[in-house]
Amino acid sequence: MTTHYRTQGLVFKKEDRLDSDRVFSVFTKDFGRVEVVGKAIRKISSKLKGGIEIFSLSDIEFIQGKNKKTLTDATAREKFRAMYQSPVKMQVAYAISETLDRFIKGQQEDESVFTFIEDVFKKLERCSSPAMLYYYFFWNFMSVLGYGVEVVKCVSCQENLNPDQLYFSYKEGGILCKTCSPNDRQSKKISPDVVKILRLILKKDWKTLSKVKVEKSIQTSLRQTTKDYYRFSGSTILAASHSSL
């Protein structure tokens with residue numbers, strides 16, 4: 001007897017296969033990340049295509065075969081239509097998608113991750129500062145995964161930080177004071193204004209953060225710090241997964 005599995009999930013990636021199939025990457029409430037195959041879903045006559053789209057929150061049903069999961073039913077709970085009217089919001093949505101694809105490997109239930117992703121897409125749907133939302137997503141997502149950073153005290157000595165002498169350590173995962181920074185030669189000086197933004201982000205104070213006017217130079221520094229930590233964390237997680245094989 002075939003077992004049907006039902007769950008709720010956020011579709012963050014899709015890939016066309018064969019003539020009319022499509023594979024959806026979905027982060028689900030009950031199973032974590034799953035890949036489900038929509039058989040013939042790209043045909044006009046498909047009954048499934050309206051219920052599952054990229055960046056939709058959907059109730060899905062699938063059956064587990066020997067090598068793949070096949071979609072048998074899908075009903076969209078929320079399609080986040082406002083995103084499709086904004087190129088910037090779509091750019092942020094795809095950046096979130098790439099991050100999820102890079103950092104979430106394999107099927108592992110984590111309801112806290114699901115709840116966070118759902119909340120971020122709901123914020124993206126109605127927010128007026130979408131570019132800043134990606135940073136809100138990324139740094140808090142790292143925290144949920146266990147790769148959060150220390151931005152209140154020196155990550156090494158735990159002393160209060162002097163705002164004029166701050167360094168970001170990718171290896172230690174946070175801000176170093178001037179005294180401790182020589183211990184990590186790869187640490188980089190970081191603007192106190194960027195640290196203030198990171199503190200707001202990690203407090204999950206989106207209401208305040210969304211109203212902050214961030215100067216272009218600070219945005220540039222925040223973007224570079226985020227890119228660097230993205231690369232470092234991605235390499236660390238990949239190395240850890242390989243070591244456990």
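Okay, let's start with the order of things: reading along the sequence, you get β-β-β-β-β-α-α-α-β-β-β-α-α-α. That's six helices and eight strands in the chain, where helices (H or I, at least four residues) and strands (E, at least two) are DSSP runs, numbered from the N terminus.

Before I go on, a word on where this comes from. This is a predicted model, so to speak: local features need pLDDT of at least 70 and side-chain atom pairs count only at pLDDT 80 or more, while totals for chains, interfaces and linings use all residues. Residues are numbered from 1 along each chain as its sequence is written, and side-chain values use heavy atoms, with hydrogens and water left out.

Now the overall picture. The C-alpha trace spans about 65 × 45 × 30 Å along its principal axes. Of the chain's 245 residues, 47% count as buried; buried means under 20% relative accessible area, exposed means over 50%, and partly exposed is in between, with a 1.4 Å probe and protein chains only. If you take contacts (heavy atoms within 4.5 Å) between residues at least 6 apart in sequence, 57% of them join residues at least 24 apart.

On to the helices. How do helix 1 and helix 2 cross? Helix 1 covers residues 87-103, and its axis comes within 10 Å of the axis of helix 2, at a crossing angle of roughly 165°. Axes here are lines fitted to C-alpha atoms, for helices over the stretch in contact, and angles run from 0 to 180 degrees between N-to-C directions. On the helix 1 side, the contact is made by Lys89, Val92, Ala93, Ile96 and Leu100. Facing them from helix 2 are Ile117, Val120, Phe121, Leu124, Glu125 and Arg126.

Then there's helix 3, residues 130-144. Its 15 residues reach 21 Å from first C-alpha to last, close to the 21 Å expected at 1.5 Å a residue; that expected span is 1.5 Å times one less than the number of residues. Helix 3 is mostly covered, with 12 of its 15 residues buried. Among them are Tyr134, Tyr135, Tyr136, Phe137, Phe138 and Trp139. After helix 3 comes Gly146, with a positive phi near 95°.

Last topic: charges. Side chains of opposite charge can pair when their charged atoms come close. We call it a salt bridge when a side-chain nitrogen of Lys or Arg is within 4 Å of a carboxyl oxygen of Asp or Glu, and by that rule the count is 15.

Take Arg22 and Asp16, whose closest N and O atoms are 2.6 Å apart. Arg22 is buried at 18% relative accessibility, while Asp16 is partly exposed at 42%.

Next, which residue does Lys122 meet in a salt bridge? That's Glu118, at 3.3 Å, N to O. The two sit four residues apart in helix 2 (residues 111-126), so about one helical turn separates Lys122 and Glu118. Lys122 is partly exposed at 28%, and Glu118 is buried at 16%.

There's also a network: shared partners link Lys13, Arg33, Glu35 and Asp101 through salt bridges. Within that group, Glu35 pairs with Arg33 at 2.8 Å between the closest N and O atoms. Arg33 is buried at 9%, and Glu35 is partly exposed at 32%.
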